[in-house]
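Please consult the sequence and the structure alongside the text.

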Amino acid sequence: SEAGGPRDTEPGQQLRALFYALRPGESSFRTVEEVPDYVEKSIPFFITFIGLEFAVSWIQKRKLSGRINDGISSLSLGILSRLPDVLFRSVDLISYIYVWNNYRLFELPWDSPWTWYLTLLGVDFAYYCFHRISHEVNILWAAHQVHHSSEDYNLFTALRQSVLQKYTSWMFNLPMALFIPPSVFAVHLQFNLLYQFWIHTEVITKLGPLEWILNTPSHHRVHHGRNPYCIDKNYGGTLIIWDRIFGTFEAEDAKVVYGLTHPVNSFDPIMLQLRPLAHIWNTFWATPGFCNKLSVIFKGPGWGPGKPRLGLPEEIPVVTGKEVPFNPIVPAYLNWYAVVHFAVIMDLYTELLAAVTTLSPGTVLLRIGFIILSLASFGLLMENKSKAGILEIIRCIVFIGVYQLGYFRSQFSFLGYAYEV
């Protein structure tokens, strides 16, 4: 169809969107309403690439690229991060459209290739600024650290996102709303996010000359490392040029050990989201002096009284290479139980996304509440907690009740009886 007209993205376009490889003419739209949900349409490719990564990792190293417990934790955090969007429109777009409607200085043409490329640079630079500040300001790090909490590095890790981060990232995009149309911004906001999916892998090594311009798996592995040389490096989203310009670039060198400098040792998605905030709260009240209390919130996560803003580099724990990821011993049947039940929740979640506009607010809230309960229960099962069994029994009884009453439904009607069994 003509540029700006209603259209569906073809499978080839959806695949190329993952790599930011769509041309301006095929991804420019007059209004925000015409912009496809590229992220939702990419879900089948997420699944396909995760399977491909497992296969390639097995061929290369004779081992899988991840663990069941960590994978379920990452997917759980990804689902949690998207649940607010079921209830509310994206805060990024709401704020952007408001500034555009009320304060724009001039209007660049929505169908110009120059506007498209300028927005690519603008969105990526805004992401670099926000990403860097998220590592350097403790209260923002409390949200962003969720993405770094995995001790594995694979495509599951890309889906490990914070519920709270989006409520601070939006402000970094607002300067563009003074002149760039919301429809163009909405496209690049999704492309920038999608591009960062495929760089979360160890099966791709180096990409030659592209390493100078693009953010690549090698560059992003450094960003996820807890080795001292990796800390606070390589903040880029799509492009690595900002890190090279502002002095935050570091090439991959010694073997990267992934995760936080002080691992949280949990697969509970609720705990992973909230524990850092609880830590800030406790530190705030335990720290003497009003200015010091403010510093707990607004200086770096490594700061303490008498230390520089970002803390002391020598206090970063040394990495020996012998670190053992958190991996509680769980019976094999429990792993498979969690996988099967997580698949049921994935079905209910995707059905909720498809049917949300036809459901009553009460039904939507009931489904969201049950999904959160389920994800928390799976996290406790993966940790082999003593109370996990009781919570899981309660969860299953609730499921049977609400399923019988018709508040849940599967995308696949023939599975209804199997779900109850």
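The sections below treat the cavities, then the pocket, then the nonpolar patch.

## Basis of the report

The structure is a predicted model. Totals for linings take every residue into account, whereas local features require a pLDDT of at least 70.

Two cavities of 30 Å³ or more are counted in the model. The largest cavity holds about 80 Å³ of space, and the second largest cavity has a volume of about 50 Å³.

The lining of the largest cavity consists of Arg67, Asp70, Ser149, Ser150, Glu151, Arg160, Pro263, Val264, Asn265, Ser266, Phe267 and Phe326. In terms of residue class, this lining comprises four nonpolar, four polar and four charged residues.

## The second largest cavity

Leu348, Glu351, Arg367, Phe370, Ile371, Phe408 and Arg409 line the second largest cavity. Four of these lining residues are nonpolar and three are charged, with no polar residue present.

Two helices, H15 (332-355) and H16 (361-382), each contribute at least two residues to the lining of the second largest cavity. The largest share is that of H16, which provides three residues.

## The second largest pocket

The second largest pocket has a volume of about 1200 Å³. Its lining comprises 41 residues, of which Trp141, Thr261, His262, Pro301 and Gly302 are the closest to the centre of the pocket. Helix H7 (138-148), helix H13 (269-286) and helix H14 are the elements that give two or more residues to this lining.

The composition of the pocket lining is 18 nonpolar, 18 polar and five charged residues.

## The nonpolar surface patch

On the surface, Ile139, Phe290, Leu294 and Phe298 form a nonpolar patch, and their accessible area together is about 400 Å². Helix H14 (residues 290-298) gives the most to this patch, with three residues. Helix H14 is also among the elements that supply two or more residues to the lining of the second largest pocket.

How values were computed:
Residues are numbered from 1 along each chain as its sequence is written. This is a predicted model: local features need pLDDT of at least 70, side-chain atom pairs count only at pLDDT 80 or more; totals for chains, interfaces and linings use all residues. Side-chain values use heavy atoms; hydrogens and water are left out. On a 1 Å grid over the protein atoms alone, a cavity is a set of points where a 1.4 Å probe fits but cannot get out, and a pocket is an open set with protein on both sides within 12 Å along at least five of seven lines; lining residues have an atom within 4 Å of a point. Grid points are joined across faces, edges and corners, and a volume is the space filled by probe spheres set on the points. Ala, Val, Leu, Ile, Met, Phe, Trp, Tyr, Cys and Pro count as nonpolar, Asp, Glu, Lys and Arg as charged, and the others, Gly among them, as polar. Helices (H or I, at least four residues) and strands (E, at least two) are DSSP runs, numbered from the N terminus. Patches are made of residues with over 30% relative accessible area and no salt bridge: like charges are joined within 9 Å, nonpolar side chains (Val, Leu, Ile, Met, Phe, Trp, Tyr) within 5 Å. Accessible areas come from the Shrake-Rupley method with a 1.4 Å probe; for residues, only the protein chains shown count as cover. A salt bridge is a side-chain nitrogen of Lys or Arg within 4 Å of a carboxyl oxygen of Asp or Glu.
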